[in-house]
Amino acid sequence: MAAGEAGGVGRASACLCVLCGLPAAGKSTLAHKVLNTAAQHGWRASVVPYDDLIPEHAFHTRVVEDGVKMQDMHTKWKLHRQAVLRCIEQFLEKPHVLAELPSSCQINRAAWEQCIQTLQQPEALDHSQADRASLLFLLDDNFYYPSMRYEVYQLARKYSLGFCQVYLQCDLESCISRNQSRSQPIPSEVILEMVNRLESPNPLKNSWETNSISLNTTDNLSACDIQRVMELISSALSNPLSPAEDNTEQTEADRLKCATSVLHQADQACRRLISEAMKTARENQVTPEHMRSLAAQLNESKATFLHNLRRQLLQEVPFTQEEDIVVERVVKTAVDVFDHEKREILLRVINENK
């Protein structure tokens, strides 16, 4: 549906602003500072906090046999993220109707109602001007993969909205320290893992990330920082995206889809190889202590392998989603590398056990 066909979007400009960075980098602090400043610009603004909208269990991993920790909830977690974007889309189409949340993948209804309350009834704006006031959604999440941010860009392009990104760059020690002072801190291991996964906006690689800025948030946000963000959003509102796709964007979309397919298949294959290795270790009467060590080493090796594979795919993958035979060949070649690493780890642990 084009912007002119969407219920309220045709009467008011709108912008999706992605706030990305490590946990405790200052995204929520920035979001609320922008929220307080938005009314001075005549904007209806709302923070969309993914941590509040997505239920906690969606982020959990479960432990399978032999202590191998695997992220088997990834697919469901991705569906929750997509549900957040669907709620934004439904609001764009019918701004005065509370969106029906997807029954298959529920998000927190109370949190979503709070998100849109200020958009439907902006206290700081005159009622007669509210419907024409520009809309601003501040998406507060880590957004550590470009594919996560690209989904937001696609939604903005579909409805001819403004789109921009703010990357909050903060050193690891500060993030860990801030996180530990929170009432409900996340495990430090999660932050350490995200450091390895985080891919900051890169306009040189991804043309759709051109409208992005980076803020150093190791120290407190300055008035100059807030001013830069407000100017970025103003520019995005004045220059909405075009719904027309060009070949470059389609190629990027195909590459992301292919990377997802390859990574999913590679992850499944690696899990099977790890299970086989654990079985072999048991048959060789490896002690429980060495079994735990083996599981930890294999799981760490798999995580590193998949991370490197994903980075390589997004930079070099030459095929389209429909070329299943090529996808299978890439998966096989990649998994052979992990299989070699698995054999070396297994052999080393078995020898240590003797």
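Reply: Two strands pair if DSSP finds at least two bridges between them. Helices (H or I, at least four residues) and strands (E, at least two) are DSSP runs, numbered from the N terminus. The model is predicted: local features need pLDDT of at least 70, side-chain atom pairs count only at pLDDT 80 or more, and totals for chains, interfaces and linings use all residues. Residues are numbered from 1 along each chain as its sequence is written, and side-chain values use heavy atoms, with hydrogens and water left out.

Start with the setting. The protein has 12 helices and seven strands.

Strand 6 (residues 162-169) and strand 7 run parallel, joined by five bridges. Glutamine 165 stands opposite serine 212 in strand 7.

Next comes valine 166. Contact means heavy atoms within 4.5 Å. Not counting residues up to four places away in sequence, valine 166 touches Cys17, Val18, Leu19, Cys20, Leu30, Ile213, Leu215, Val229 and Leu232.

Val166 also belongs to the largest nonpolar core, which has 71 residues. Such a core is a set of buried Ala, Val, Leu, Ile, Met, Phe, Trp, Tyr and Cys residues joined through side-chain atoms within 4.5 Å. Buried means under 20% relative accessible area, exposed over 50%, partly exposed in between (1.4 Å probe, protein chains only). Leu30, Ile88, Phe137, Val166 and Ile233 have the most contacts inside this core. Apart from it lies another core, of 28 residues, among them Ala266, Ala295, Leu313 and Leu346. In soluble globular proteins, nonpolar side chains tend to be buried together. Of the 354 residues of the protein, 48% count as buried.

Finally, the cysteines. A disulfide is a pair of cysteine sulfur atoms within 2.5 Å. By this rule the count is zero. Cysteine 175 is in no disulfide; the nearest cysteine sulfur, that of cysteine 170, is 3.7 Å away. Cysteine 175 is buried, with a relative accessible area of 0%. Cysteine 224 is exposed, at 51%.
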